[in-house]
Amino acid sequence: MSEEVPPVDAAEPDLAVEITGLTKSFGSLEVLKGIDVSVRRGDVVCVIGPSGSGKSTLLRCVNLLEEPTAGRIVVNGEELTDPDVDIDAARTRIGMVFQGFNLFSHLNVLNNLTVAQRQVLRRSPEQAQETALRNLERVGLSDKVNAMPAQLSGGQQQRAAIARALSMDPSVMLFDEPTSALDPELVGDVLGVMRQLADEGMTMLVVTHEMQFAREVADRVLFMDGGYVVEEGPAAQVIGDPQHARTQSFLARVLDPTHQGPGD
Amino acid sequence: MAMSKRRRAIVFRRAQYALLLVLVLLIAFLADWGEIKKSFFDVDTAAKMFPNVITTALVNTIVYSAFGFAIGLGLGLLLALMKLSPVAPWRWIATIYIEFFRGVPALLVFVALSVAVPLAFGLKFEINSTAGLALGIVGSAYIGETIRAGIQAVPKGQIEAARSLGMSHGRTLLTVVIPQAFRIILPPLTNELIMLIKDSSLISVVGLTAAEYELTKLGRETLSRSPSLTPLLIAGLCYLIITLPLGQLSRYLERQTGGKKLSAPETTGV
């Protein structure tokens, strides 16, 4: 809590996300017990850990989908935990991708991508459509413009959801277990899109069980357990050579033993 | 010789067909068709009802019901939002309203609106307003509960997605929750519309001029000057002219908007 408050009007603050002293309780259940995390601009940070460790809650606190019980959350130099801040405006700059895709089921793909651009960002229909089409192309769904969500496979829905978030031109993207609800053969497409985003320099905070992806794409990995960040560091170190006993036992359970060595 | 279970089921089913056939034949041979025709299908009486039954009665029934449904829908949406409000007094008011108007006979509301309220407040309602208000006030109690259930049935993830795109609470409600809720409640809402159409017959307690007759009133009025029950049959058939297509429309819309086979409702040229 000792850091200085970055100036709100800083054009390019070095830290995209800065979380200090974050706690979150649901009733008497304390899910996050004091989290300090920062994400540098352009970095990809993967959050791993067993279910119930609080990693999804942490992510959902970043755009205040969950109201933090205590602590400070600063995104792009703007303190979101300040009650005076316009959270709706701030959320347009933070893209979020959900485990269950959550495409608007009553709108076709194009309208899913344009509705918030038009209504929230006040873009013209032409501009919104142009942005939407560009992002659909980016995720390889140019041929699904007029499809309804229910007509798409899970992988296509998730890529459309990523394109929807990107259409708002966010500066940070949050991914909440984006491939956990997918059939195994569809996971690769979604991870491919995320990898490409990372290569383009997008700042990403990713809760995931995909260790391969975390190791290859993440700049840093956080291991969470029991509401704490137990271990953090470069991906190769946390996944390849974990120091903490709990990280070691988690990774041993998750990783295929044949892929455990740091050299593969 | 014991029959197998499947064999028994087949025999039992055939026995039911046989029984039904016997009943139909009995009715066909024993009924006095001449008498029945005179009582229910008297062509002269029926002919006298046209074109009034269509141009006045059917039209009025539709108009009263349309006013009632519009008011019921608006008021119902308001009640649903009140019931879901974080502000407790809104919820109390909505609950009291719904419990009251769901619990009292619609006829009382019609009498109150046509006699008591104008008398007490010195108001003079148009017949459309009386019918629309009475039907809307009663209907909204049912419709409100239906809409509330529909809103609550919208998956939470849809709301989270909208909020995470920067939509405000109200914007999310208008753009995502309410459109989806109405798709969910289309079948029960159709039922409520049909109930409301039938309840429009209660307006006949008000004392209508001939130009204000709806189907039931015209049917009863013609009945009193006719030896046969034909007017009631004609009125009944006219209700079906409205309600049967509504059921079809509801099923069509359901197919359009729900389930797996969705078609794009709003296509934008690419």
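Modeller: One cut-off before we start: buried means under 20% relative accessible area. And keep in mind that this is a predicted model.
Biologist: Fine. Is V97(A) buried or exposed, then?
Modeller: Buried, because its relative accessibility is 0%.
Biologist: Where does V97(A) sit?
Modeller: In strand β6 of chain A, which covers residues 94–97.
Biologist: What is V97(A) in contact with, leaving aside neighbours within four places in sequence?
Modeller: Q158(A), I162(A), A165(A), M173(A), L174(A), F175(A), D176(A) and P178(A). Take A165(A): it is 68 residues from V97(A) along the chain, yet their C-alpha atoms are separated by 7.1 Å.
Biologist: Switching to the interface. How many residues of chain A and chain B are in contact?
Modeller: 32 residues of chain A contact 28 of chain B. The two chains bury about 2500 Å² between them, with 55% of that on carbon and sulfur atoms.
Biologist: How many salt bridges cross over?
Modeller: The rule finds two. One of them pairs R60(A) with E160(B), their closest N and O atoms 2.6 Å apart.
Biologist: And how many residue pairs are in polar contact?
Modeller: Nine across the interface, counting pairs with both residues at pLDDT 80 or more.
Biologist: Which element gives the largest share of the chain A side?
Modeller: α3(A), with five residues. By class, that side has 16 nonpolar, 11 polar and five charged residues.

How values were computed. Residues are numbered from 1 along each chain as its sequence is written. Chains are lettered from A and ligands numbered from 1 in the order in which they are written. This is a predicted model: local features need pLDDT of at least 70, side-chain atom pairs count only at pLDDT 80 or more; totals for chains, interfaces and linings use all residues. Side-chain values use heavy atoms; hydrogens and water are left out. Helices (H or I, at least four residues) and strands (E, at least two) are DSSP runs, numbered from the N terminus. Buried means under 20% relative accessible area, exposed over 50%, partly exposed in between (1.4 Å probe, protein chains only). Contact means heavy atoms within 4.5 Å. Buried area is the accessible area (1.4 Å probe) that two parts lose on being put together, summed over both. A salt bridge is a side-chain nitrogen of Lys or Arg within 4 Å of a carboxyl oxygen of Asp or Glu. A polar contact is a pair of N or O atoms within 3.5 Å; within protein, one must be able to donate a hydrogen and the other to accept it, and residues adjacent in sequence count only if both atoms are side-chain atoms. Ala, Val, Leu, Ile, Met, Phe, Trp, Tyr, Cys and Pro count as nonpolar, Asp, Glu, Lys and Arg as charged, and the others, Gly among them, as polar.
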